[in-house]
Amino acid sequence: FINSCCMFQDQGGIFINDGAQIGHGTTLVTLNHSHDPKTRTDLFPKPIHIGKDVWIGSGAIVLPGVTINNGAIIGAGTVVTKDVPENKTVIGVPGKIIR
C-alpha cells in the first residue's frame with residue numbers, strides 16, 4: 001500500500017516487497033551528490049530496498065542505498081540514513097533503533 005503525496009526519486013532503483021505499507025508524504029531518494037564543490041553536479045545512484053511487511057510512517061525520508069528489512073517499522077517523520085534490521089522499530093532524525 002502506498003498512500004497519497006509520496007515522492008519516489010528512483011534513478012537508483014526502488015524495490016518494494018509484498019505487504020509493505022508506505023504512509024502519505026513519504027520520500028524515497030536514490031541519488032546523492034558529490035561533497036566536492038567542483039563535482040557537486042555529479043550524481044551517485046544507490047537503490048533502496050523495502051522488505052516484506054515493512055511499515056513506513058507518514059513523512060519519513062529514506063536515503064540512497066538503504067535497505068529496510070522484513071517486518072521493520074519506521075516512525076513518522078524519521079530520516080532513514082542506514083540499513084534497518086528485521087523486525088526493528090526506528091524513529092528520529094537521524095533514525096535510531098528503539099525496539
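This is a predicted model: local features need pLDDT of at least 70, side-chain atom pairs count only at pLDDT 80 or more; totals for chains, interfaces and linings use all residues.

In which segment does Cys5 lie? Select Cys5: the residue lies in the segment before β1 (7-9), where strands (E, at least two residues) and helices (H or I, at least four residues) are DSSP runs numbered from the N terminus. Residues are numbered from 1 along each chain as its sequence is written, and side-chain values use heavy atoms, with hydrogens and water left out.

Remain at Cys5 and inspect the backbone. Its phi is near 65°, a positive value in a residue other than glycine. Cys5 is exposed, with a relative accessible area of 66%; exposed means over 50%, buried under 20% and partly exposed in between (1.4 Å probe, protein chains only).

Next, select Thr30, in the loop between β4 (27-29) and β5 (31-33). Thr30 is buried, its relative accessible area being 0%. Display the polar contacts of its side chain (pairs of N or O atoms within 3.5 Å; within protein, one must be able to donate a hydrogen and the other to accept it, and residues adjacent in sequence count only if both atoms are side-chain atoms). The Thr30 side chain reaches the backbone oxygen of Gln9 at 2.7 Å and the backbone nitrogen of Gly12 at 2.8 Å.

Now show the whole open sheet, which has three strands in the order β2-β7-β10 with parallel pairing. Its edge strands, β2 (14-16) and β10 (67-68), each pair on one side only. Between β2 and β7 (residues 48-50), the parallel pairing extends over three bridges; two strands pair if DSSP finds at least two bridges between them.

Move on to Asn87, in the loop between β12 (79-80) and β13. Asn87 has a phi near 55°, a positive value in a residue other than glycine, and is exposed, with a relative accessible area of 53%.

Finally, select Val93 and Pro94. A cis peptide bond joins them, with omega about -10°. Pro94 is placed in the loop between β13 (89-91) and β14 (96-97).
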